[in-house]
Amino acid sequence: MPVRILLAGATGWVGRALAPAIAATADLALVAGVSRSAAGTAIGDAPVFASIEEALAVPSDVLIDYTKPNVVKANAAAAIAAGRHVVIGTSGLGADDYAELDALARAKGVGVLAAGNFSITATLLKRFTLEAAKYVSDVEIIDYASAGKPDAPSGTARELAETLAGVRRPATSRPIEEVSGVPATRGGSFGEGATRVQVHALRLPSFVLGVETIFGAPDERLTIRHDAGSSAAPYVAGTLLAARKVAGWTGVRRGLDTLLD
Ligand SMILES: NC(=O)C1=CN([C@@H]2O[C@H](COP(=O)(O)OP(=O)(O)OC[C@H]3O[C@@H](n4cnc5c(N)ncnc54)[C@H](OP(=O)(O)O)[C@@H]3O)[C@@H](O)[C@H]2O)C=CC1
Ligand SMILES: O=C(O)C1=N[C@H](C(=O)O)C[C@H](O)C1
């Protein structure tokens, strides 16, 4: 029997790429969608509803959420409460939010996979960054995105910074508290003390999303960079992989890298 998918954000930039891909995949079936503007219509045989609550009345196995930062947490909590596994693509949530969702998911015995970025090259950037952090102490992140992106940092940069802060070696750069001038220009901090990670978010026309990890060592430097193009195609395969696998554990896992060999 195919995994039955409820797709929240079915009419969005990513949702419009996911819906036909799910329909074309034998082991997945789109059974319902959520979009306020398309409520009352259908995508193939799947009815579209204005709210997650209405859509959860249709039997399904996995919620895939590509909506908005101010919507995703309530959607995920409602789906977990209804016993659904959840794949989160939407940005905007951080470690504290995921700790709350983890407790809810464990209580219901369901799995959650949240990835700041489901593209393969962004996932490789995370993997290579975590590897380099074993050897080089000083690292900062630049987050490039479109002028209209509602959240900062991006989900991509946030997951990377929060994970990196847990494994990196202590920085040799001057602590932010000791910086004079306008310390905010040193960026936003993730983590604590000398293993905090600074993220610098740029929001400019012409960018879709880019993330750059810069390592500095005495007299040498390493830059690792991912740039997204203008289509949502890079996110489809990783999201569908997560939908197939998310029933395999209980609680929240973060990052597509956790599913790769
Ligand atoms: N993890 C990853 O790899 C990626 C993550 N993203 C993230 O995914 C999210 C979605 O991106 P994108 O597809 O570009 O967004 P869009 O703005 O194109 O689409 C948003 C979708 O959510 C629906 N929606 C918005 N508000 C509500 C609401 N209150 N209730 C129900 N449905 C709602 C919209 O439909 P309607 O307005 O009709 O309700 C629409 O279908 C963003 O946070 C983005 O940063 C994007 C790309 C990759
Ligand atoms: O808002 C976007 O467009 C994107 N957001 C994701 C993020 O917040 O990291 C990533 C994706 O490449 C595009």
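Predicted model: local features only at pLDDT ≥ 70, side-chain atom pairs only at ≥ 80, totals over all residues.
Ligand 1 has 27 residues around it, and the closest are Gly9, Gly12, Trp13, Arg36 and Ser37. Here a residue is near a molecule or strand if its C-beta atom, placed from the backbone, lies within 6 Å of it. The shell around ligand 1 holds eleven nonpolar, 14 polar and two charged residues. In this count Ala, Val, Leu, Ile, Met, Phe, Trp, Tyr, Cys and Pro are nonpolar, Asp, Glu, Lys and Arg are charged, and the others, Gly among them, are polar.

Residues are numbered from 1 along each chain as its sequence is written, while chains are lettered from A and ligands numbered from 1 in the order in which they are written.

Now to the domains. The protein chain is assigned domain 1 (3-118 + 232-259) and domain 2 (120-227); such bounds come from an automatic or database domain assignment. Between the C-alpha centres of the two domains the distance is 27 Å. Where they meet, twelve residues of domain 1 are in contact with 15 residues of domain 2, contact meaning that the C-beta atoms, placed from the backbone, lie within 7 Å. The side of domain 1 that touches domain 2 has three nonpolar, seven polar and two charged residues.

Where does ligand 2 lie? Both domain 1 and domain 2 give residues to its shell, so ligand 2 lies between them. Among the residues around ligand 2 are Ser91, Asn117, Lys149, Thr156 and Ala228. This shell divides into three nonpolar, six polar and one charged.

An unreviewed UniProt entry lists residues 3-118 as "domain: Dihydrodipicolinate reductase N-terminal"; its positions are in the numbering used here, feature names are shortened, and annotations may be inferred rather than shown by experiment. This span is 32% helix and 27% strand, and its end C-alpha atoms lie 19 Å apart. Helices (H or I, at least four residues) and strands (E, at least two) are DSSP runs, numbered from the N terminus.

Let us turn to the strands. Eight of them form an open sheet with mixed pairing, in the order E3-E4-E2-E1-E5-E6-E7-E13. Strand E3 (42-43) and strand E13 (251-254) each have a single partner strand, so one side of each is left without a neighbour in the sheet. Two strands pair if DSSP finds at least two bridges between them. E13 runs parallel to strand E7 (residues 111-114), and alanine 114 stands opposite arginine 254.

Other pairings are set out here.

| Strands | Sense | Bridges |
|---|---|---|
| E8 (residues 138-145) and E11 (residues 209-217) | antiparallel | eight bridges |
| E11 and E12 (residues 220-227) | antiparallel | eight bridges |
| E8 and E10 (residues 197-203) | parallel | five bridges |
| E9 (residues 188-190) and E10 | antiparallel | three bridges |

Some facing residues can be picked out. Valine 139 stands opposite phenylalanine 215 in E11, and threonine 213 has isoleucine 224 in E12 as its bridge partner. Alanine 145 is partnered by arginine 203 in E10.

E11 and E12 form one with two residues between them, and aspartate 219 in the turn has a positive phi of about 65°. The hairpin of E9 and E10 has six residues between the strands, and its glycine 191 takes a positive phi near 95°.

Note on methods
Contact = placed C-beta atoms within 7 Å.
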